[in-house]
Amino acid sequence: MENHNEKHCLVCQRDEQTVPLVRVDFKGNEYWICPQHIPVLIHDPQKLEGMLPGAENMQAG
Ligand SMILES: [Zn+2]
């Protein structure tokens, strides 16, 4: 993850030209995730460790 200014999915890196992206606000930062990976964010946020800083401390909903 080098560039947070570009909109692309946290997980698969696809951009908004390819898939619809949903904004994720987290710890004052702005991230984007595609519908395919929203379930990961909801059910298995620990998998985002390394992609979303602090995600390892999130609890699955
Ligand atoms: Zn994705």
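**Ground rules.** I am reading a predicted model, in which local features need pLDDT of at least 70 and side-chain atom pairs count only at pLDDT 80 or more, while totals for chains, interfaces and linings use all residues. I number residues from 1 along each chain as its sequence is written.

**Overall fold.** Along the sequence I read the pattern β-β-α. The radius of gyration, taken over C-alpha atoms, is 11 Å, close to the 10 Å that the globule rule (2.2 Å times the number of residues to the power 0.38) gives for 61 residues, so the chain is as compact as a globular protein of that length.

**Strands.** I then followed E1 (residues 22–26), which runs antiparallel to E2 and is joined to E2 by five bridges; strands pair if DSSP finds at least two bridges between them. Val22 stands opposite Ile33 in E2, and in the hairpin, with two residues between the strands, Lys27 takes a positive phi near 55°.

**Core.** I noted that the largest nonpolar core has 10 residues, including Cys9, Trp32, Ile33 and Ala55; such a core is a set of buried Ala, Val, Leu, Ile, Met, Phe, Trp, Tyr and Cys residues joined through C-beta atoms within 7 Å. Strand E2 (residues 29–33) gives the most to this core, with three residues. I counted a residue as buried if 20 or more other C-beta atoms, placed from the backbone, lie within 10 Å of its own, and 20% of the 61 residues qualify.

How values were computed
A residue is buried if 20 or more other C-beta atoms lie within 10 Å of its own, exposed if 12 or fewer, and partly exposed in between; C-beta atoms are placed from the backbone. Helices (H or I, at least four residues) and strands (E, at least two) are DSSP runs, numbered from the N terminus.
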